[in-house]
Amino acid sequence: MVNIAIFASGSGTNAENIHHFFSKHSLNTQIKLIICNIPDAGVLQRAGRLGIESATFTNQEMKNGSLPIELLKKHHIDLIVLAGYMNLIAQPLLDAYPKRILNIHPALLPAYGGKGMYGHHVHEAVIARKETRSGITIHIVDEHYDHGTTLCQATCPVFPEDTADTLAERIHSLEYRYYPITILQYIRELGLETQ
């Protein structure tokens, strides 16, 4: 069994979508754990409703790494998936899970990435620059914000009348469609299903 931990900071819609995808499409993969750095984030209630164990760590504990790593090892986690997690991944976690942490970004990296570029901030910047296309980037996490090897990019149009909200809807559709499939492809690329 391939065990995934999802790190999230928000409402958890991507986490739930990933959970449902693997429940339907892979007998060998499960979302084993959800880790959050915000004590009252909606993802924690969502995890409870889905029957997924969850844990909350402070930002300092996440930076130190020892407590989250201990919990990840206890649950035999093979892969970490960031789904709306808003902090830079600390070096201890990168060392413990080399090339085993994935992230999704709501823009076509390397454009509109980096510290402070998340959620509506990204969409507002894309619209302000009068871009005609935007999209998502799924990548392997390294020590920099929104950096690391790209696994998948998908695009959508940006219309002149778009607001951050209307663009976000199209971006979310891309996230829900491509993130779970890319995670599964990466698991197979790593050979985890056969271990």
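User: Which residue does UniProt list for "active site"?
Analyst: UniProt lists His-105, in an unreviewed entry. UniProt positions follow the numbering used here, feature names are shortened, and annotations may be inferred rather than shown by experiment. Residues are numbered from 1 along each chain as its sequence is written. This is a predicted model: local features need pLDDT of at least 70, side-chain atom pairs count only at pLDDT 80 or more, and totals for chains, interfaces and linings use all residues, while side-chain values use heavy atoms, with hydrogens and water left out.

User: Where is His-105 found?
Analyst: In strand β5. Strands (E, at least two residues) and helices (H or I, at least four) are DSSP runs, numbered from the N terminus.

User: Is His-105 buried or exposed?
Analyst: His-105 is buried, with a relative accessible area of 2%. Buried means under 20%, exposed over 50%, partly exposed in between, with a 1.4 Å probe and protein chains only.

User: What does His-105 touch?
Analyst: Not counting residues up to four places away in sequence, His-105 touches Tyr-112, Gly-113, Met-117, Val-122, Gly-135, Ile-136, Thr-137 and Asp-146. Contact means heavy atoms within 4.5 Å.

User: And which residue is listed for "binding site"?
Analyst: Asn-103, again from an unreviewed UniProt entry. Asn-103 lies in strand β5. Asn-103 is buried, at 9% relative accessible area. Leaving aside neighbours within four places in sequence, its contacts include Leu-82, Thr-137, Asp-146 and Tyr-179.

User: Which lining residues are closest to its centre?
Analyst: Of the 36 lining residues, Gly-84, Tyr-85, Met-86, Tyr-118 and Gly-119.

User: Which element gives the most to that lining?
Analyst: α7, with 4 residues.

User: Last topic, α1. What span should it have?
Analyst: Helix α1 covers residues 13–25, so at 1.5 Å a residue its 13 residues should span 18 Å. The expected span is 1.5 Å times one less than the number of residues. The end C-alpha atoms are 18 Å apart, which agrees.

User: What do its buried residues pack against?
Analyst: The buried residues of α1 pack against β1, β2, α2, β4 and α7. Among them are Ile-18, His-19, Phe-21 and Phe-22.

Methods:
1 Å grid on protein atoms, 1.4 Å probe; cavity = no way out; pocket = protein on both sides within 12 Å on 5 of 7 lines; lining within 4 Å.
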